[in-house]
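I opened this model to look up its charged pairs and its contacts. These are my notes, in the order I made them.

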There are 2 protein chains.
Amino acid sequence: MQRGRQLRPGVTLVRAGEPMAALFVVRSGSAKRYSVTLGGGEQVHGFVLPGEAVGLEGFASGRYTCEVSALEPLSYCRVPIRKLEQLLERLPGLRREILRLLGQALDESQRLRGDLAQSDARGRVAHFLADLSHRLARRGLSPTEFRLSMSRADIARHLGLTLETVSRALGTFKREGWLRVRARDISVLRPDALAALGGGIA
Amino acid sequence: MQRGRQLRPGVTLVRAGEPMAALFVVRSGSAKRYSVTLGGGEQVHGFVLPGEAVGLEGFASGRYTCEVSALEPLSYCRVPIRKLEQLLERLPGLRREILRLLGQALDESQRLRGDLAQSDARGRVAHFLADLSHRLARRGLSPTEFRLSMSRADIARHLGLTLETVSRALGTFKREGWLRVRARDISVLRPDALAALGGGIA
DNA sequence: GGCAAAACTTGATTCATGTCAAGTACTGAT
DNA sequence: ATCAGTACTTGACATGAATCAAGTTTTGCC
């Protein structure tokens, strides 16, 4: 495992189509995962937060299938696949951990898709915020006070909305007293309300 | 591996919340993967075709996270997890294969989510049909003549649409000469047109 | 084969979100 | 500190999909 590597904002960590030589784990900062569509637009698959892995979907074909680029100064570890395979040979615990990681990524992706498919614009934005909050909390960061490292346009492309609609949803949450929003700084005042709107599975 | 098991239409193969005791591989027939939402509705995550695996997302927590029930008479193999772990110990090739399977499921889920987020109703339905066609072809079945084993309502819940909208989309494809539709029997006349509308990543 | 229930299609209307457009507030550079 | 460029907000309007409501076809059962 190689650690202590750094990336400046905007720099790409992995590119779609490159052979998967390593997995990455983000240590600090955040990144955007996206694909470039036929029309030249970006499909934003999601955002990577500290403690989360990058490159898992490369197991499918041995190549990365999306681009991942830093939204803030990013530090990360690199885990070469060769090394990983050697370790998997010997460590049943690591085997389970990798399967768990993949299973979790799969589960989250499906759950998210389901929720997006069935909620309106406000529900999607609420879900997005609640999810972010939850993932930050898991990492020991504040679930109620945080700074969005991504633009409204990125959020919109992630949720299948337009940036205007995202802006309006944030506006209504603010007006209803659920959030404080100042540019990219968010304070969640009513996590329960967001979670309720974000909806989801029983 | 235990094979030759059968299920009648409507019967459930795995239930959300159950401990993951085994993986399953469908041999013939098809199934619906779904979650029950807070309101009692169904979130349809997708459909399982012959040759595809069921239960992968259970690796996340050791429990299945969605329900899978047969849409047609279903035959399948059951692969107990204990057995699988023993085999993973000895067979590096199987380790890679399982990772590949999970990576592929993850990649497809993300790609699908991205496409759904960015297409309109017709695009989604076109994508759905093109995907189905592609997966059937992979299995050696006809990519142009098939029978939908799921209802319009299931398709709609899968795509985040209403059943009326799905019906109308099929209607327009029919009128434009891209499909023949007779109840659940589909003939694809213009696969290219569907693929183009289904759009996707570069 | 006939019947009832379910699944599906089609039409009219409403509403949410996209689109277009203008204006405001950040941000980073000089 | 000022300025320029970008990001964001807000408003007016258009549009595609949801909703509501009949009708029609298919399916499975007797």
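I began at DNA strand C, where a phosphate oxygen is 3.4 Å from an N or O atom in the side chain of A:Arg147. I count a polar contact as a pair of N or O atoms within 3.5 Å; within protein, one must be able to donate a hydrogen and the other to accept it, and residues adjacent in sequence count only if both atoms are side-chain atoms. The model is predicted, so local features need pLDDT of at least 70 and side-chain atom pairs pLDDT 80 or more, while totals for chains, interfaces and linings use all residues. Residues are numbered from 1 along each chain as its sequence is written, chains are lettered from A and ligands numbered from 1 in the order in which they are written, and side-chain values use heavy atoms, without hydrogens and water.

**Entry 1: DNA strand C**

A polar side-chain atom of B:Arg152 lies 2.9 Å from a phosphate oxygen of DNA strand C. The side chain of A:Arg168 reaches a base oxygen of DNA strand C, with an N or O atom 2.9 Å away. Two or more residues of the surface near DNA strand C come from each of α5 (163-175) of chain A and α5 (163-175) of chain B. I take helices (H or I, at least four residues) and strands (E, at least two) as DSSP runs, numbered from the N terminus. The largest share, 4 residues, belongs to α5(B).

I then listed the surroundings, where near means a heavy atom within 4 Å. DNA strand C has 17 residues around it, and the closest are A:Asp120, A:Ala121, A:Thr165, B:Ser167 and B:Arg168. Sugar and phosphate make up 63% of the atoms of DNA strand C within 4 Å of the protein. By class I noted 3 nonpolar, 5 polar and 9 charged residues near DNA strand C. Here Ala, Val, Leu, Ile, Met, Phe, Trp, Tyr, Cys and Pro count as nonpolar, Asp, Glu, Lys and Arg as charged, and the others, Gly among them, as polar.

**Entry 2: DNA strand D**

Which residues come nearest to DNA strand D? Of 18 around it, they are A:Arg152, A:Ser167, B:Asp120, B:Ala121 and B:Thr165. A phosphate oxygen of DNA strand D is 2.3 Å from an N or O atom in the side chain of B:Thr165. A:Arg152 has a polar side-chain atom 2.9 Å from a phosphate oxygen of DNA strand D. I also found a base contact: the side chain of B:Glu164 has an N or O atom 3.1 Å from a base nitrogen of DNA strand D.

Sugar or phosphate holds 64% of the DNA strand D atoms within 4 Å of the protein, and bases hold the rest. The largest share of the surface near DNA strand D, 4 residues, comes from α5(A). I noted 4 nonpolar, 5 polar and 9 charged residues there.

**Entry 3: chain A against chain B**

I counted 47 residues from chain A and 47 residues from chain B in the contact (heavy atoms within 4.5 Å). About 4,100 Å² is buried between the two chains, and carbon and sulfur atoms give 55% of that. Buried area is the accessible area (1.4 Å probe) that two parts lose on being put together, summed over both. In chain A, A:Leu99, A:Leu106 and A:Arg113 lose the most area to chain B, together 17% of what that side buries.

How many salt bridges are there between chain A and chain B? I found 4, a salt bridge being a side-chain nitrogen of Lys or Arg within 4 Å of a carboxyl oxygen of Asp or Glu. A:Arg95 and B:Glu89 meet in a salt bridge at 2.8 Å, N to O. On the side of chain A that touches chain B, β4, β5 (42-48), α1 (81-90), α2 (92-118) and α4 each give two or more residues. α2(A) gives the most there, with 22 residues.

**Entry 4: salt bridges within chain A**

A:Asp154 pairs with A:Lys32, the closest N and O atoms being 3.0 Å apart. A:Asp154 lies in helix α4 (residues 152-159) and A:Lys32 in strand β4 (residues 31-36), so the pair ties together parts 122 residues apart in sequence. Buried means under 20% relative accessible area, exposed over 50%, partly exposed in between (1.4 Å probe, protein chains only). A:Asp154 is buried at 5%, and A:Lys32 is buried at 9%.

I returned to A:Arg147, whose side chain also meets A:Asp185 in a salt bridge (3.1 Å, N to O). A:Arg147 is exposed at 54%, whereas A:Asp185 is partly exposed at 32%. Last, I noted a network of salt bridges linking A:Glu52, A:Glu108, A:Asp131, A:Arg135 and A:Arg138.
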